[in-house]
Amino acid sequence: MRFGWYLSVGGAAEEAIAAERHGFDLAWIDDDAMSATALAASLAVVTNGLRIGVTATVGHDHPIELAEEAAVADLALGGRLILGIRPVAGAEDGVAEVLDLLQECFASHPFEHRGQRWAVPANLEQNVFNLEDLVRVTPATAQFELPVWVVGVAGRGAAAERGLGIVADADETPADLAGWWSETTDAHPHLVRRIRRSAIWEPPVERGRVVVDDAVDQLRSLQRAIGLDVVIVSCERGSSSAAVMSDITRFVRPLVQLDRLPPGLEAHWSETHDR
């Protein structure tokens with residue numbers, strides 16, 4: 001299991017630096033006051049190997065605009081971007097087409113798209129010059145295949161049908177996720193290994209420190225539910241953030257992974273790392 005840190009927009013740079021220092025694999029940004037992809041690109045100068053995930057809302061603007069922004073951010077980050085999408089209310093039915101169009105954009109070869117909502121090239125009546133049969137989105141991404149994940153419930157089925165990643169919201173229970181995953185493995189057994197399964201998780205915290213045993217139990221429940229690949233840690237901002245990062249790195253992460261090693265090692269580790 002890999003660990004990510006859910007960034008606040010106001011303190012994204014400082015938190016990303018701290019997350020990388022504490023050994024986190026990923027930092028995640030939501031699309032709030034500003035473009036998440038632009039903020040992600042700005043983190044290129046303060047991070048080195050940390051992957052940066054973003055949540056971009058889709059449904060109003062043309063997907064090609066998002067693809068261009070994501071490509072620029074991925075180039076700035078040297079191939080470290082993960083693009084998460086969440087449909088706005090009322091646009092849930094269009095997620096499948098957005099996913100298809102984004103994948104065509106990131107393939108870096110000329111294409112055309114004729115969907116229920118979007119037509120590329122548009123070939124509008126007013127486009128009287130330079131009419132094209134195919135288009136290519138530029139610039140090309142730094143990665144050969146930029147990861148596209150669906151955040152939240154809406155559009156999750158479309159992501160699974162295409163072997164793309166999913167990010168569960170913090171309020172989704174392991175039982176709900178287990179039911180969805182069971183149905184998905186039955187419906188798409190050939191794609192199961194490709195689907196990256198992530199979840200936003202709020203760790204139990206008391207007096208500014210993580211309740212380690214409860215945290216480990218919760219994460220193991222998520223592991224059993226969907227075989228969790230990435231957990232994105234979300235907690236209240238404040239002076240305790242550094243302590244939470246430290247507790248996750250020093251105690252929670254090793255304990256979650258130690259259950260796969262020979263019996264007795266976990267108990268020995270707990271004894272020698274008693275805080």
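How many helices and strands does the secondary structure of the protein chain come to? I count 9 helices and 12 strands, taken as DSSP runs (H or I, at least four residues; E, at least two) numbered from the N terminus. The model is predicted: local features need pLDDT of at least 70, side-chain atom pairs count only at pLDDT 80 or more, and totals for chains, interfaces and linings use all residues. Residues are numbered from 1 along each chain as its sequence is written, and side-chain values use heavy atoms, without hydrogens and water.

Next I looked up burial: 49% of the 275 residues count as buried (under 20% relative accessible area, 1.4 Å probe, protein chains only).

Then I turned to H3. Helix H3 covers residues 63–76 and reaches 20 Å from its first C-alpha to its last, close to the 20 Å expected (1.5 Å times one less than its number of residues). Its buried residues include Leu66, Ala67, Ala70 and Ala71. Among the elements covering the buried residues of H3 are strand S4 (81–87) and helix H4 (95–106). After H3 comes Gly78, with a positive phi near 70°.

Last, the core. I find 77 residues in the largest nonpolar core, where Leu83 and Ile85 have the most contacts; such a core is a set of buried Ala, Val, Leu, Ile, Met, Phe, Trp, Tyr and Cys residues joined through side-chain atoms within 4.5 Å. Helix H8 (residues 241–258) gives the most to this core, 8 residues. Beyond its neighbours within four places in sequence, Leu83 is in contact (heavy atoms within 4.5 Å) with residues including Leu66 and Ala70, both buried in H3.

Technical notes:
Buried < 20%, exposed > 50% of the residue type's maximum accessible area, 1.4 Å probe, protein only.
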